[in-house]
Amino acid sequence: MAIYGTALLALCTIIGVALGEALGLALHVKANVGGVGLAMMLLMAARSWLARTGRLTPQLRLGVEFWAALYIPIVVAMAAQQNVLAALDGGPMVAIAAVLTVGLCFSLVGMLGRLGGAASD
Amino acid sequence: MAAKLLAEQSLLIAFALVGALMGASALVSRMLFRGRIHASAIAILAALALAWWGGVVTGGKKGLADLPAFAGLALLGGSMLRDFAIVSTAFEVDVGEARKAGLLGAVALLLGTVLPFAVGVAVAWSFGYRDAVSLATLGAGAVTYIVGPVTGAALGASSPVMALSIATGVLKAVLVMVMTPVCARAMGLDNPRSAMIFGGLAGTVSGVAGGLAATDQRLVPYGALTATFHTGLGCLLCPSILFLALSRLV
């Protein structure tokens, strides 16, 4: 049943976010500490357990993967409700941060790639 | 009657609107950019433009969602469904395959999270931001356009800062898409291992998928494999360890 997959996903998300909130309280930060990341780890653990015990049915997968397929549209909806008007006040900052980041990461890809090549050759 | 319909069907209107936006973006991507710029990046930029327009028209703070007809966007793009959808993408990750990325993939992932964060924070600092919450949100935006708002929402950042953070991440994704085919040779991007390193460092799933698709289709899954971890790792580290480290410094 597809709802098992969606329910599993909901459960993992709720537990992860709750753990994130608890971690935030424990660390005395007014924040959810890594709740989404923790939820992802829970879901990965649940998936490997389901696969191991032969409970990973195509219908169950569908119940999760439908939401994965909606991930980009949901991000689009999220972008459509941002306060862009206010954001444009800081225009050059966005451009500078993005260009510097991409430049730095691209140059590191070449360096790390050569490092790995030398190690495994 | 129309107002009642709009209010009662708001989520469905949002589905239809986003679908139409994605469809139009796919068309623009194919016709204008010959697929060089990923349709999802165009859709996100178009949505940001519409949010700007919504802000101009209504004077509100929630972009297009402030128009009564598009109020459903606030639910569809709100934190509940956003987190739900992000978590669901972890289902695609094969732990065994991921292990093959090995130490280099992990190093690339960690560098790909910490360095953009540091660059984002440094640039935000030089533009006059001084509070740890805004700095961390802007730094996280330089990781991916998902990590930015997730971090911002977790830390309680203001909406303008969130929007700047998303804009940084989206611009990064677009730059990765456009520049990957151009820089592929210089990066040695011609095998699965370097694609995994690339996915870990360059981050954004749509940027990596779009960039690799335009470079060599066969490399896409390898890049996406590490890039998939990227957002999760960023969501884990940015609002926690990196934010805590930053608030010590500020």
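In the predicted model, B:R82 and B:D83 form a salt bridge, with 3.2 Å between the closest N and O atoms; the term denotes a side-chain nitrogen of Lys or Arg within 4 Å of a carboxyl oxygen of Asp or Glu. Both B:R82 and B:D83 are buried, where buried means under 20% relative accessible area, exposed over 50%, and partly exposed in between (1.4 Å probe, protein chains only). Because this is a predicted model, local features need pLDDT of at least 70 and side-chain atom pairs pLDDT 80 or more, while totals for chains, interfaces and linings use all residues. Residues are numbered from 1 along each chain as its sequence is written, chains are lettered from A and ligands numbered from 1 in the order in which they are written, and side-chain values use heavy atoms, without hydrogens and water.

Over all chains, the search of the whole structure finds three salt bridges. One of them joins A:R61 to A:E65, whose closest N and O atoms are 3.0 Å apart. A:R61 and A:E65 are four residues apart, about one turn, in helix α3 (residues 58–69) of chain A; helices (H or I, at least four residues) are DSSP runs numbered from the N terminus. A:R61 counts as partly exposed because its relative accessibility is 26%, and A:E65 is likewise partly exposed, at 23%. In chain B, the side chains of B:K4 and B:E8 meet in a salt bridge at 3.6 Å, N to O. B:K4 and B:E8 lie four residues apart in helix α1 (residues 2–8) of chain B, again about one turn of the helix. Both B:K4 and B:E8 are exposed.

Three aromatic pairs are found over all chains, a pair being two rings of Phe, Tyr or Trp (its six-membered ring) with centres within 6.5 Å; planes under 30 degrees apart count as stacked, over 60 as edge-to-face and the rest as tilted. A:F66 and A:W67 form an edge-to-face pair, 5.6 Å centre to centre with 80 degrees between the planes. A:F66 is partly exposed because its relative accessibility is 45%, whereas A:W67 is buried at 17%. A:W67 also forms an edge-to-face pair with B:F84, at 5.0 Å centre to centre and 70 degrees between the planes. This pair crosses between chains, from helix α3 of chain A to helix α5 of chain B. Both A:W67 and B:F84 are buried, and together with A:F66 they form one aromatic cluster.

Arginine side chains also lie over aromatic rings. A:R47 lies over the face of B:F91, 5.4 Å from the ring centre, and B:R130 over the face of B:W125, at 3.8 Å; the criterion is NZ of Lys or CZ of Arg within 6 Å of the ring centre and within 35 degrees of the ring normal.

Helix α1 (residues 2–26) of chain A has 25 residues and reaches 36 Å from its first C-alpha to its last, close to the expected 36 Å, which is 1.5 Å times one less than the number of residues. Its buried residues include A:L8, A:L9 and A:C12, as well as A:G16, A:G20 and A:G24. The cover over the buried residues of this helix includes α2 (35–52) and α3 of chain A, together with α5 (79–88) of chain B.

An unreviewed UniProt entry places the feature "transmembrane region" at residues 32–50, 62–81 and 93–113 of chain A. Such annotations may be inferred rather than shown by experiment. In the model, residues 62–81 of chain A are 90% helix and 0% strand, with end C-alpha atoms 28 Å apart. Residues 93–113 of chain A are 100% helix and 0% strand, and their end C-alpha atoms lie 30 Å apart.

How values were computed. Helix = DSSP H or I, 4+ residues; strand = E, 2+ residues; numbered from the N terminus. Contact = heavy atoms within 4.5 Å.
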